[in-house]
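Look at the model shown below.

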Amino acid sequence: MTDLAAVKAALKTQAVETPSWAYGNSGTRFKVFAQAGVPRDPFEKLDDAAQVHAVTGVAPTVALHIPWDKVDDYAALAKHAEERGLKLGAINSNTFQDDDYRLGSICHPDAGVRRKAVDHLLECVDIMDATGSADLKLWFADGTNYPGQDDIRARQDRLAEGLAEVYERLGEGQRMLLEYKLFEPAFYTTDVPDWGTAYAHCLRLGEKARVVVDTGHHAPGTNIEFIVATLLREGKLGGFDFNSRFYADDDLMVGAADPFQLFRIMFEVVCGGGLTSEVAFMLDQCHNIEAKIPAIVRSVMNVQEATAKALLVDRTALASAQAAGDVLGANAVLMDAYNTDVRPLLREVREEMGLDPEPLAAYARSGWGEKIAAERVGGSQAGWGA
């Protein structure tokens with residue numbers, strides 16, 4: 001039998017980091033649709049993030065993206081977050097938007113471009129020092145479009161050299177989280193295309209380097225939960241970027257495409273001790289046609305629901321069925337948990353935390369959406385490249 005008190009305790013201590021860029025104007029590759037009330041600077045992004053945390057109780061940190069979230073005084077930004085019950089989370093680098101990076105950044109054949117990219121990553125560590133952030137999150141768009149365009153092995157050497165320099169700059173309690181992506185924007189080779197490549201680099205770098213699993217960055221049919229289980233077993237899972245994708249892009253709300261997959265992933269996290277370790281649970285989404293703050297609230301709730309179902313798996317019964325070779329019985333234990341309606345349980349958890357049991361309804365009643373639409377007039381809305 002599952003200990004419901006332990007399940008509730010785990011759900012109350014779960015934390016989901018929200019991304020600053022999800023509050024701004026961002027979206028698909030062909031068009032970004034602007035919305036009323038979108039933040040105009042990182043301070044207003046934090047104001048919106050505070051609303052998500054207020055109604056969910058489990059979104060206490062906000063990831064920043066540099067240079068999109070550059071400010072003159074990062075201590076002031078951290079104080080602004082603290083005053084709203086938040087902390088600043090992972091610092092995300094950007095080595096994909098400058099014209100200099102047409103042929104890559106940290107893997108570029110030109111040493112001057114590589115120097116520029118590494119200097120940016122070092123700047124991000126400086127920002128970590130100023131904000132108290134623990135994680136530097138790296139995703140590289142580097143790759144090639146055509147056979148023969150560049151030397152594949154040499155690009156890996158350049159990558160290793162740049163990562164090593166940044167790794168040595170990390171301070172006490174700071175980590176480097178290396179993300180991978182199957183393709184995009186490079187279509188022939190991507191320099192960090194899979195978990196094996198990211199793992200190999202992190203293993204060479206040392207204990208402070210971990211792999212990030214973005215749930216939308218895999219080929220269709222990939223068993224992501226196997227990757228999660230393996231990285232947990234090796235002590236190299238640094239965190240998640242939660243999102244969904246139906247075909248190739250990866251910016252839809254987590255749990256939208258395959259909620260059963262999210263449950264399976266979270267079950268491996270539970271089994272591998274990931275809920276009580278240093279694994280960071282982060283959203284990485286862009287809300288283009290849906291209202292941004294409610295979409296982020298819904299995303300946090302989706303993660304909570306998958307986690308609750310994973311915690312409800314009767315692991316004793318599962319182990320017994322597995323040991324007996326009872327294939328259908330073992331599968332039934334998992335399916336029983338997945339098919340459980342955990343919404344009443346989560347309503348109880350929220351009430352015990354002093355929260356409204358219905359976060360979306362609570363946000364709608366707050367009037368925040370109408371308030372920011374009326375007040376945030378003038379200036380430039382934040383978005384990709386801003």
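In H5, Gln 156, Leu 159, Ala 160, Leu 163, Ala 164 and Tyr 167 meet Thr 197, His 201 and Leu 205 of H6, where contact means heavy atoms within 4.5 Å. By class, this contact of H5 with H6 has six nonpolar, three polar and no charged residues. The model is predicted, so local features need pLDDT of at least 70 and side-chain atom pairs count only at pLDDT 80 or more, while totals for chains, interfaces and linings use all residues. Residues are numbered from 1 along each chain as its sequence is written, and side-chain values use heavy atoms, with hydrogens and water left out.

**H5 and H6**
- Helix H5 covers residues 152-169 and helix H6 residues 195-205; they pack at an angle of about 45°, with axes 10 Å apart.

**H4 and H5**
- The axes of helix H4 (residues 111-131) and H5 come within 10 Å and cross at roughly 25°.
- H4 is therefore roughly parallel to H5.
- Among the residues making the contact are Arg 114, Arg 115 and Asp 126 of H4, and Arg 158, Glu 165 and Arg 169 of H5.
- The contact of H4 with H5 divides into five nonpolar, one polar and seven charged residues.

**Asp 241**
- Asp 241 lies in strand E9 (residues 237-242).
- Asp 241 counts as buried because its relative accessibility is 0% (buried is under 20% relative accessible area, with a 1.4 Å probe and protein chains only).
- Leaving aside neighbours within four places in sequence, Asp 241 is in contact with residues including Lys 137, Glu 179, Asp 214 and Asp 284.

Conventions: Axes fitted to C-alpha atoms, helices over the stretch in contact; angles between N-to-C directions. Helix = DSSP H or I, 4+ residues; strand = E, 2+ residues; numbered from the N terminus. Nonpolar A, V, L, I, M, F, W, Y, C, P; charged D, E, K, R; others polar. Buried < 20%, exposed > 50% of the residue type's maximum accessible area, 1.4 Å probe, protein only. Parallel < 35°, antiparallel > 145°, perpendicular 65-115°, else oblique.
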